[in-house]
Amino acid sequence: MTARIVSRIFFAIGMLSITAAPFVPMIYRWFNPPRTPRPDPRGFWETLGLVLESLNSFADSIAIFVWICGLAALAVAASTVAFCAAWVGKEPLAWRLWCWLPVVTGALIWVGLVLLEK
């Protein structure tokens with residue numbers, strides 16, 4: 001009975017984490033809105049400010065990528081724990097396979113993003 005509860009809880013954690021992953025860029029931009037730099041820098045300090053702003057934008061992209069990868073890793077870990085708990089609890093094969101749904105969903109999202117990028 002305990003393995004069944006653990007399996008269900010970790011399945012829910014995996015589904016929540018993989019469902020939240022596509023919303024990370026929107027939430028990140030909500031907390032850290034991008035600033036538009038001036039179109040024509042006039043001096044050295046304004047040019048330096050423009051360069052630093054572009055580096056800040058690059059750092060924001062890396063932070064978004066790290067958050068998405070972290071949520072995907074959490075989904076994989078939660079699915080693995082859910083599958084192992086279902087295995088120990090002698091759950092039906094359908095539920096054991098169902099435990100891998102967060103991983104499959106994450107893979108489909110990743111493949112979709114790669115295909116849309118081309």
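Reader: Is Cys69 buried, partly exposed or exposed?
Author: Cys69 counts as partly exposed, because its relative accessibility is 31%. Buried means under 20% relative accessible area and exposed over 50%, with partly exposed in between (1.4 Å probe, protein chains only).
Author: Note that this is a predicted model, where local features need pLDDT of at least 70, side-chain atom pairs count only at pLDDT 80 or more, and totals for chains, interfaces and linings use all residues. Residues are numbered from 1 along each chain as its sequence is written, and side-chain values use heavy atoms, with hydrogens and water left out.

Reader: How many disulfides does a search of the whole structure find?
Author: The count is 0, a disulfide being a pair of cysteine sulfur atoms within 2.5 Å. Cys99 is in none; its nearest cysteine sulfur belongs to Cys84, 9.5 Å away.

Reader: Cys99, buried or exposed?
Author: Cys99 is buried, at a relative accessible area of 0%.

Reader: What does the side chain of Ser79 reach?
Author: The backbone oxygen of Cys99, at 3.2 Å. A polar contact here is a pair of N or O atoms within 3.5 Å; within protein, one must be able to donate a hydrogen and the other to accept it, and residues adjacent in sequence count only if both atoms are side-chain atoms.

Reader: And where is Ser79?
Author: Ser79 is in helix α3, residues 44-88 (helices are DSSP runs of H or I, at least four residues, numbered from the N terminus). Ser79 is buried, with 1% relative accessible area.

Conventions:
Helices (H or I, at least four residues) and strands (E, at least two) are DSSP runs, numbered from the N terminus.
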